[in-house]
Structures are given as structure tokens and as C-alpha cells.
Amino acid sequence: MKNSTMLEMKGVRKSFGTVVALDDVNLQLKSSEIHGLLGGNGAGKTTLMNVLYGLYKPDRGEIYLREKKVEIQSPKDAISCGIGMVHQHFLQIDSYTVTENIVLGTRLKNRPTLDLDQEEQRIQDLSERFGLEVSPSSLVEELPMGIRQRVEILKAVYRGVDVLILDEPTTNLTPQEVESLFQSLRVMVEEGMSVVFITHKLREVLSVSDRISVLRDGRNVITLPRDEASEEVLVRAMVGEGLDVGKSLVFSDTGLDQEALQVGQEPVLRVEGLQVVNEEGNPLVKDCSFQIREKEIFGVAGVAGNGQQELAESLMGIRPIAGGQASIDDTSIVGLETRELLEMGVTYIPEDRLQDGFLPTANVAQNLILGYQRQEPYHNRGFLDWNAIFRAARELITEYNIMTPSAKEPAANLSGGNIQRVMLARAFSHPAKLLVAHNPTRGLDIGSMEFVYSKLLERKEQGMATLLLSEDLDELMLLCDRIATIYRGQFAGVLERGEFDKYQIGRMMSGVETHE
Amino acid sequence: MDQFQMQFVSFARLVMLAMVPYVLASQGTMLGGRTGLFSVSQEGIMLVGASLGFLGAYLYGSLVYGMLLAMFVGGLFGLALAYFTTTLKMNQFVIGLSLFFIGLGLSTLFPKIVIGVTLQPPLIPTLPDVPIPGLSQIPILGDIFFNQNVLVYFAILLSIFLYYLLYKTSIGLELRSVGENPKAADSLGVNVSVMRYVTAIVGGMLMGLAGAYLPMVYTGTFTQGMVQGRGWIAIALTFFGGWSPHLIFLGALFFAGVEILALRVQVAGVGVPYQFLLTLPYIATILVMIFASRRVRAPAFLGQNYDREKRTLS
Amino acid sequence: MSEQTTELGHSIKALADTLIPYILAVVAAFAAVGIFFAAVGFDVLQAYSTILFTSFRTPNGFVQTLLKYVPLLLQALAFTVPLTAGKFNIGGEGQLIVGAIGAAAVGIMFSGLPMLLLLPMVILAGIVFGGFWAAIPAWLLYRFGINEILTTVMMNFISFSLIDYVATEIWRDPTAGHPTTVPIGAGGEFPLLVAKPPLNSGIVLALAAAVIVYVYVNRTPGGYDLVATGANARASRVFGINVRVMFLLSLIVGGALAGLSGAIEVAGVHHRLIEGLQSNFLLLGIIIGLMARGNLLAVPFVAFFIAVLEVGASAMQRTMMIPVEFVFIVEALILLFVLLSDVVRRR
């Protein structure tokens with residue numbers, strides 16, 4: 001049955017309010033193939049797959065499974081059609097065991113008690129068969145990201161799916177783990193399954209897919225077999241006419257120009273033996289030492305949850321520094337409050353902009369002054385100067401190209417990319433010596449990514465020091481002057497530009513190698 | 001039996017009697033909370049339950065009708081809570097408070113319409129004790145546990161049943177998953193809305209019954225505000241019991257104990273103004289919340305609505 | 001020129017967008033309850049005309065409305081100020097009672113002092129005691145992270161015992177049939193604003209409080225902190241606002257406002273402490289705050305509307321024997337419909 005059509009989506013349209021996320025999209029999936037679904041963030045890849053999995057209700061469109069039309073209204077329907085999906089953010093019950101997470105929703109029949117020995121055995125067998133090693137009785141909250149992803153895949157294969165959708169599955173993996181994932185996927189397609197592999201990374205899609213479809217702005221661009229695809233064709237398809245690929249930073253092969261590579265001499269931030277602990281006193285960041293100079297972008301690579309957030313938050317005064325020294329321009333910042341740090345010219349772009357940086361019910365102008373409400377020109381003799389605030393807000397909206405009808409608009413109406421522009425505009429609205437940015441391009445479309453990169457480099461050239469924590473190795477290798485790799489709260493090594501090596505960083509990310 | 005033993009048995013019997021409204025209201029709260037629905041309308045639902053339980057028994061001449069009526073209306077309140085929060089995605093606290101107001105208003109309105117304004121309200125018979133043959137003959141224990149009214153037995157059996165349902169069945173696994181991570185549950189085909197509707201309605205029925213218990217066992221009539229904060233205490237108790245049926249049962253015994261102790265001390269007269277004894281259950285509630293704040297893990301999505309199509313950061 | 005007209009046009013449109021759902025909600029609630037009225041056999045039109053116009057037919061009716069308005073406005077503010085920071089203060093009742101106890105205690109203990117001294121002391125005592133009563137749940141929230149809804153409600157129940165103790169044991173007035181204290185000193189009484197029918201000057205304080213709260217929240221950095229905390233406490237913390245202090249302070253300020261209304265009830269209306277003087281102001285205050293959707297500019301107007309309904313409701317019960325609870329159900333329904341209009345708008 002090789003090369004027969006497994007599944008087909010026809011004329012799918014989906015809108016959220018006034019935003020059309022998908023417009024007349026078609027997708028054809030053959031049996032026993034890995035189908036790469038490529039596009040920038042916001043191109044509609046995830047939305048399309050959420051429609052297929054029954055999470056989103058499309059405005060229009062049809063789905064055919066083995067040439068027969070099916071109605072998929074909910075994930076339940078999708079599962080009974082043999083479709084499984086691994087979401088980018090794992091959908092797991094933290095307090096349940098691996099087995100409980102996997103069997104959840106499969107009604108166990110004729111069972112007076114919740115005795116899961118049989119199921120556990122089956123999970124064991126499956127994990128061996130596909131090379132997805134897990135321990136079925138562990139609590140998922142205690143597992144590292146790479147293992148949690150295996151649990152997510154096992155959820156689908158346990159249900160015996162024919163079609164497996166993987167949404168950006170490599171985000172939380174080291175390069176080595178990515179390769180082992182690809183091997184597992186190969187085993188699956190050889191057994192007759194079909195896989196849809198969603199990604200915004202060109203090289204990954206080229207290395208594993210049999211066929212590749214590209215989406216842009218919610219529309220189909222092309223579908224190609226692997227051997228007809230080339231990087232050039234795919235880049236062109238992803239970015240369209242609106243962007244000059246030659247000048248693009250995101251797709252640059254040659255790296256930055258000379259000016260952007262200049263690094264100053266004076267250290268701005270000095271960190272010595274930094275410790276951060278959780279409520280129980282267990283260390284989350286251990287003995288971190290580094291310096292960031294003027295005009296330097298210092299990157300921190302690592303799998304999510306290895307202490308990046310705690311490192312950033314301790315430097316911003318959001319979490320207490322439990323031990324060690326940290327100073328900016330020779331002034332110690334240990335024990336300072338966030339407000340004092342903001343006044344000193346430290347500025348922050350938090351990772352989770354919706355949770356940590358955004359006031360949905362306030363208006364755009366109120367969002368733009370968060371953290372600066374007691375500084376000039378917003379504050380005047382005990383009162384807020386709303387005229388000055390709105391004037392400044394209008395200027396920022398223009399400069400940062402924030403799409404909003406006015407500064408009085410509720411911020412909840414902004415799109416994801418525009419929210420990030422608000423974060424940037426706020427971070428750069430006052431002179432800054434040091435920027436702490438955590439995954440600043442997460443979830444952004446290619447245009448917005450370009451914008452963030454160019455702003456970061458512009459500020460760098462003006463002298464700002466930057467601490468860039470990112471899970472995107474390509475991003476770090478493009479922008480950073482040095483890259484540290486963090487593993488379980490400790491630096492496993494620091495590499496200078498010129499000695500950057502993806503696989504070496506990958507080994508450090510998984511703790512098998514240290515440098516220096 | 002010596003004096004002390006008799007004292008103890010009568011105290012323990014009263015505690016079992018007083019634990020019923022706490023158990024029913026808290027298990028109802030726990031059920032909704034386990035699917036993420038945090039109700040704050042217990043006090044209002046219990047008041048309506050007390051009012052209609054009394055009126056139903058008075059009008060139809062049978063306590064059973066009173067209980068059924070109270071449960072029916074409690075279920076309607078639960079349905080309303082589920083509809084406004086799960087279907088219309090409105091704020092759970094705001095809706096809970098609104099339903100509390102409506103319950104409060106209706107609880108005094110109904111008697112005024114049905115009976116009129118009177119200084120001498122009619123009485124209904126109180127719930128009789130039903131000794132269990134054989135078991136009630138056991139010395140001491142028989143009197144405490146097996147010579148009580150039917151709702152005492154019901155409260156005990158309900159707690160055992162809920163424990164089994166939640167922790168020993170696959171329905172329980174699904175139910176708990178909805179309160180922990182509704183999106184994950186949804187993605188595996190668990191129907192989040194159905195779970196929330198069912199638990200809200202059943203929870204509301206239990207709260208209504210808890211209210212009806214008060215006129216049927218304590219007073220024989222409905223008086224304004226007769227729930228006296230038991231609905232609010234039930235919320236604290238649910239936290240205290242870590243949202244688990246068995247611990248909630250123990251917590252209910254504790255609160256019933258405080259209530260009866262305050263009464264006993266008052267009757268015995270120990271020189272403390274009785275007003276201060278009356279505050280004991282409320283002070284106990286606050287202390288219990290301090291204790292619970294340290295050790296208890298509430299359902300992760302407690303109080304949050306779930307919207308399948310809500311866009312999050314990707 | 002054209003820009004100015006569009007600006008004006010926008011404001012008018014915005015005002016209309018705000019008002020129309022309110023009007024629809026009021027009409028719908030009255031209609032729904034009216035059908036029920038008619039079914040039970042009451043004269044709907046006469047009942048409604050009593051509810052809506054009692055306040056405006058006689059000077060006495062209007063003064064009664066203003067006297068109701070003062071505690072309702074303050075209770076609504078006591079709920080709305082913490083709500084701005086995202087916290088629910090359900091303890092306005094206890095805060096009012098304890099504020100009243102404080103005011104009465106000072107008024108009785110220092111009854112000989114002249115007005116210039118005693119009146120400010122009485123008012124201050126109300127504010128401080130009310131603030132203190134809210135400070136307990138506020139501190140529990142600050143220190144242990146305990147849900148404030150529950151603790152503020154518990155403090156209400158505790159205050160019932162407290163007022164009973166004060167009014168029956170400490171300063172009991174033996175001539176009164178109901179738990180009541182002896183009167184406070186004449187110097188502690190509010191001067192009258194209008195002599196006949198008597199209207200005390202407490203309304204001036206209540207309105208001043210409303211203005212101060214509004215200006216603070218909308219025009220100062222501290223008010224911004226409060227609003228930001230309510231919009232997203234986590235983000236506010238990340239950007240340097242001490243949100244736990246915001247929670248603490250907003251609840252204490254709410255308690256102080258409720259305590260002020262307790263002082264006004266004692267020193268302005270009753271001139272003594274009476275058990276039950278809190279009436280159902282708490283519930284109405286919360287309904288007002290929620291109806292206004294937490295908007296501090298809208299609160300005074302909504303509070304006035306509810307005061308009109310309440311005065312009309314008592315008149316209706318007196319003259320037509322229709323239970324006042326009907327009006328309470330109308331109010332709860334208006335609230336529900338106002339909230340529903342948000343859902344409709346979202347779609």
C-alpha cells in the first residue's frame with residue numbers, strides 16, 4: 001500500500017475573530033511517509049494540525065481518510081480515526097505517572113479497580129519497539145523534557161494511530177536527542193504509519209522528510225518530494241516576496257557583518273559564583289561565573305528548565321540571589337529590587353510574554369510604561385502625566401511598527417507578534433546598559449524575528465550588553481559573541497565565536513561533556 | 001455505663017449528627033473543584049436548600065419531598081454555575097457570588113410567598129433515628145455510628161463511594177485530570193464540559209441537601225440566615241481536606257467537634273461570654289486555612305475556565 | 001477641527017456603548033420579574049412605579065434615598081478598591097460593624113469632649129477599626145497566601161458576636177428592647193446638612209472619599225501599580241511592583257472605607273450602636289461594584305440607582321405587602337444581565 005493516499009485535507013479555512021489564520025489550505029499525506037510541514041511562526045502550521053486533530057473547528061473544509069470523508073469535531077473523533085498529535089507544549093498531568101498519562105481517556109473495561117499492570121507491560125513493549133525508552137511508573141513531573149516527549153509519542157502509539165502529528169518536536173531536545181527521535185520516526189513509518197512533522201527549521205525538515213509542504217500566511221505555497229527540494233527553494237517559499245532573503249538575518253549563511261561583530265572592552269555585568277535556590281533550598285543555579293562586556297551579546301544555550309529562567313530572574317531582582325556576587329559597573333546588585341534595577345538601566349524581555357510581561361485588560365499605553373511608571377517623563381510631581389504617556393506611546397507605536405488602532409486600545413486585541421513588539425518597545429524606551437532577554441523570538445513570524453534581531457544588533461552597536469537566553473541554537477550561533485551552555489543550573493562550558501559547534505553544544509546541553 | 005462514658009457517647013453522637021451538612025457541602029465542593037470549577041455559592045445554595053427543604057416537607061407532609069426539592073433546586077444552581085462558566089466562560093468567582101446573592105434572596109422570599117409573614121412559623125417533624133438491626137446493639141460504637149438518622153449513614157457511604165470513584169476507577173482518573181490539566185484531558189478525548197456540568201450539578205444537589213438537613217434535624221423550621229456560615233466553612237474544609245474525600249470526612253468531624261464543643265461549654269457555663277464561644281468555628285476555619293496553605297495541593301486548574309480555541313503563546 | 005469632532009464622536013459612541021447594555025439589562029430584569037409578579041397576582045405597574053418614584057415624590061423620600069446612598073457607596077468602594085488589584089473583599093459587613101464599634105466606643109468613652117475634638121476622633125476610630133478588621137485577612141493573605149474571600153467572610157461572622165457583646169454587655173442601654181448601646185456624646189454627632197427632613201453631613205465625607213479614590217487610582221503611580229496588579233499580578237511583579245503589598249494595602253483601604261461608613265451610621269444616623277445596623281449593605285455594595293465592573297467612575301452612579309430601588313422596595317413592602325426580596329432578585333438579575341452583555345460583546 002505504499003504511496004497510496006492516507007489522508008487529505010481540502011479547502012480548509014479558519015479564522016479567529018477578524019484574523020484569517022488559514023485560507024483554502026490543502027494537504028495530502030501518503031501512507032508510510034514523513035511529511036514535513038514547513039513555515040515561519042504564524043504561517044498556520046499548528047492551526048492546520050489543530051483542525052485535523054479536532055481542537056479547532058474550521059469555518060470550511062473537508063477531511064478524507066483513506067479517500068472516505070470523515071467529520072472530526074473533537075480530539076475524541078480524531079483518535080477514533082487513528083490520528084494522534086504531539087503538541088509543542090506537552091499536554092500531560094504532572095501529578096500522574098507515565099502509565100496514567102498514557103491510558104487516560106481509554107476507558108478500561110470490566111475493571112473494578114485501577115490496576116494498571118497489563119497496561120504498564122504494553123507500554124514497556126511499545127517503548128522498546130520504537131526506541132522510546134521510559135520508566136512507566138515514574139511521575140511525569142520528575143522527568144526531563146526529552147523523556148516527557150517520549151511519553152507524548154507513546155500516548156499516540158499506544159492508541160494505535162496511523163497518522164502521527166508532531167508539532168515542533170525538536171524545540172526542547174539536544175541535537176543528539178533530535179537524531180534519536182528521527183530514528184524512532186523511521187521505525188514508525190516502516191511499520192506503516194504516516195507522520196506529519198511541523199517545523200520552522202529548514203535543515204531538520206530536509207534531513208528527515210520524504211515530502212515537504214510549505215505554508216505562508218495561512219496559505220499553501222508548494223509541496224515537493226525531498227529530492228526536488230533545496231534550501232533555496234524552501235527559503236523563497238517561506239518568506240515570499242515581502243522580504244529580501246539576501247539581507248535577511250534569519251536565513252543568513254555568512255553571518256553578521258564586521259560592524260556587528262565588534263565587542264567592547266569594559267565589563268558591564270560581572271557575575272561570580274552565583275547561586276539561586278528554590279523554596280526547599282535546593283539549588284537551581286549553581287556557581288555561575290561570567291562577565292558581559294559592552295557591545296557584547298552573551299548567549300546561554302540549554303534545554304528548557306535547566307535554570308535559565310532562574311538565572312534571568314535572579315539578575316532582574318525577581319528571585320533572591322542566594323549566594324555569590326553580581327555587579328553592574330562595579331555596583332553590587334545583590335539584594336536590589338526589580339524597580340531599582342530598572343532605574344539603573346537594566347531591562348528585561350521575559351520568556352513568557354503573556355504571563356510575565358503583559359497586562360491584557362489595560363490599554364497599549366499602560367502596557368508600554370509598565371516598570372517605568374515612576375520615571376521621566378511619565379511621572380510628574382506625584383501624578384502620572386497622561387499627556388506625556390500617550391505622546392510617548394504614539395512614538396513607540398510608530399517606531400516599533402505596532403499594529404493597533406490607537407494607544408487607548410485594550411492590549412488584549414494585539415496579535416502575538418505585536419505583543420512582542422510592545423515588549424521590545426518597552427525594554428528600549430529608556431536608555432539601557434544591560435538587556436536580559438529570554439527566548440525573545442519564541443513564537444514569532446519571520447518578519448518579527450528579523451525585527452527583533454535587527455533591534456538587538458542596533459542596541460549592541462550603541463554599546464548595550466546583552467544576556468540572551470535561548471533554546472534556539474541557530475539564533476544563538478548567529479547573534480552571540482560567546483555562548484555558555486547551561487545544564488542543571490551549571491555552566492557546562494563557554495565557547496567563543498569561531499569555535500561554535502552545534503554538536504559540542506548539544507553534548508554539553510545533555511551533560512555528557514564539559515568545556516574548559 | 002459510668003458518667004464519663006455516657007458523656008462521651010452523647011458527645012460523639014452529636015458530632016456525627018453535626019458532621020452531615022459539612023460532609024455533604026464539602027464533598028459537593030470537592031467534586032466541582034476536581035474538575036476545576038470553584039464554586040463560592042455554597043452558602044446561598046444551602047440557604048435555598050434549607051428554605052425549600054422546609055417548605056417541601058411542610059407542603060407535602062413528607063421529609064423526603066423536602067429533600068428532593070432541595071436537591072432539585074441545588075442541582076439547578078449547579079447547572080447555572082456550569083452554564084455561565086463552562087459554556088459562557090464567565091468568571092467563576094463573580095458568577096459564584098451572584099448565585100450566592102440569588103440563593104440568599106430566594107431563601108427568604110419563598111417562605112414569605114408560601115406561608116406569609118408570621119411570628120409563629122409552622123414546624124415540620126424532625127428526621128427520626130433509624131437503628132441498624134444488630135449493629136446498633138454493639139456497646140458504645142452502636143450508639144455512635146448505627147443509631148442515627150439516614151443522612152448520617154448517607155454522608156458516610158457517600159465519602160467512601162467518592163474515594164473509590166476518584167482513586168480506583170478510570171472515570172476518577174479522567175475526572176481528576178480535568179482539574180489538573182483540562183487541555184491534556186481534552187486532547188485525549190475526555191469531555192471537559194460534560195465532566196464540569198455533571199460535577200457542578202451533583203455538587204449543587206449535595207449542597208442543597210446539606211441545607212435541607214438543618215431545618216429537618218436542628219430546628220424544625222426555616223429561619224433567616226440559618227446556615228450561619230457553614231457554606232463558607234465548607235470551602236475551608238475542602239482545602240483543609242486537600243480535595244480528597246476521605247480527608248474531607250475527617251475534617252468535617254473536626255468542625256462538627258468544634259461546633260458541639262462550643263455548645264457544650266456554653267451550656268456548662270465557664271465564665272467566658274457566650275459570644276466568644278460562638279466565634280470558635282470561624283476562628284477554627286481561619287486557623288485551618290493557615291495550616292492548609294502550607295501543605296495542601298489544590299487542583300492545578302482550580303477556578304480557571306477552559307477554552308479549547310484560546311490561543312496561547314506557541 | 002475634523003480631528004476634534006471625531007474625538008468627540010468617539011467619546012459619545014464610547015459612552016453609548018457603555019450605557020446601552022446597562023439600560024437593556026435593567027429593562028430585561030424588570031420585565032422578567034414583572035412577568036412573575038403578574039403571575040402571582042400583584043399589580044405590576046403600581047409596584048414598579050412605587051419602586052422607581054418613591055425617592056422623588058417627597059423630600060422625605062429623597063433624603064431617605066441619600067441616607068441609604070452613603071453606606072451603599074462606601075460599601076461598593078470597599079469592594080471595588082481591592083477588586084482593582086484583583087482581590088475580593090467580602091468582609092465589608094464586618095469592617096462596617098467593627099468600624100461602628102470603634103466609633104461608638106470613642107463616642108461613649110469621651111462623651112464629654114467638644115465637637116471639634118470628638119467628631120474627628122469618632123470618624124478616625126471608625127476608619128482605623130475598619131482598616132484593622134480588614135488588615136487581619138490582608139495579613140493572612142500576605143503572610144500565608146490564604147484566599148481572602150474566605151477569611152473576610154469569616155471576619156464578618158466574628159464581628160456579629162463582637163457587636164452583640166458590646167451592645168449587650170459593655171455599654172448596654174437597658175431601656176431598649178433590642179441590643180443597643182447608650183448614645184454617644186453630643187459632640188460626636190454629625191452636624192445636619194439639612195434640618196428637615198434631617199440629612200446629616202456624612203454624605204459629604206462619602207463623596208469626598210469616592211473622589212479621592214478615583215483620583216488616586218487613575219492619576220498616580222501608586223494607582224497605576226494597583227491597576228497593573230489587577231490586570232496581571234505576575235507580570236506586575238516581574239516589572240518591579242510589589243504585588244503582595246498591593247493586595248495588603250488595597251484590602252486595608254477597603255476596610256477603612258467600610259469602617260468610615262460604620263462611623264457615619266453611628267455618628268450620623270443612629271447616634272448609638274445598634275445590632276443589625278449593617279443591614280444588607282454588604283451584598284448591595286458587592287452588587288454595585290460588580291455591576292460597575294470595578295469602574296470607580298461608574299460606582300457612585302450605580303450606587304445611587306440601587307439606593308433608589310431599595311427605598312422604593314421598602315415602600316412597596318409597606319404599602320402593597322409585596323416582599324422586598326423581589327427587588328433584591330431584580331438587582332441580582334440586572335447584575336447577571338450586565339455580566340452577560342460582556343459575553344455578547346465578546347462574540
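The side chains of E313(A) and R234(C) meet in a salt bridge, with N and O 2.8 Å apart; a salt bridge is here a side-chain nitrogen of Lys or Arg within 4 Å of a carboxyl oxygen of Asp or Glu. The model is predicted, so that local features need pLDDT of at least 70 and side-chain atom pairs count only at pLDDT 80 or more, whereas totals for chains, interfaces and linings use all residues. Residues are numbered from 1 along each chain as its sequence is written, chains are lettered from A and ligands numbered from 1 in the order in which they are written, and side-chain values use heavy atoms, without hydrogens and water.

Across the interface of chain C and chain A there are 3 salt bridges and 13 residue pairs in polar contact, both residues at pLDDT 80 or more. A polar contact is a pair of N or O atoms within 3.5 Å; within protein, one must be able to donate a hydrogen and the other to accept it, and residues adjacent in sequence count only if both atoms are side-chain atoms. On the side of chain C that touches chain A, α7 (202-219), α8 (221-231) and α9 (233-238) each supply at least two residues, and α8(C) gives the most, with 7 residues. Helices are DSSP runs (H or I, at least four residues), numbered from the N terminus. This side of chain C divides into 10 nonpolar, 6 polar and 5 charged residues; Ala, Val, Leu, Ile, Met, Phe, Trp, Tyr, Cys and Pro count as nonpolar, Asp, Glu, Lys and Arg as charged, and the others, Gly among them, as polar.

Chain C and chain A bury about 2100 Å² between them, 59% of it on carbon and sulfur atoms. Buried area is the accessible area (1.4 Å probe) that two parts lose on being put together, summed over both. In chain C, P221(C), Y224(C) and F239(C) lose the most area to chain A, together 37% of what that side buries.

Between chain B and chain C, about 3600 Å² is buried, 83% of it on carbon and sulfur atoms. F101(B), W232(B) and Q275(B) supply 17% of the area that chain B buries against chain C, more than any other three residues. The count for this pair of chains is 1 salt bridge: E325(C) pairs with K112(B), the closest N and O atoms being 3.1 Å apart. The largest share of the side of chain B that touches chain C, 15 residues, comes from α4(B).
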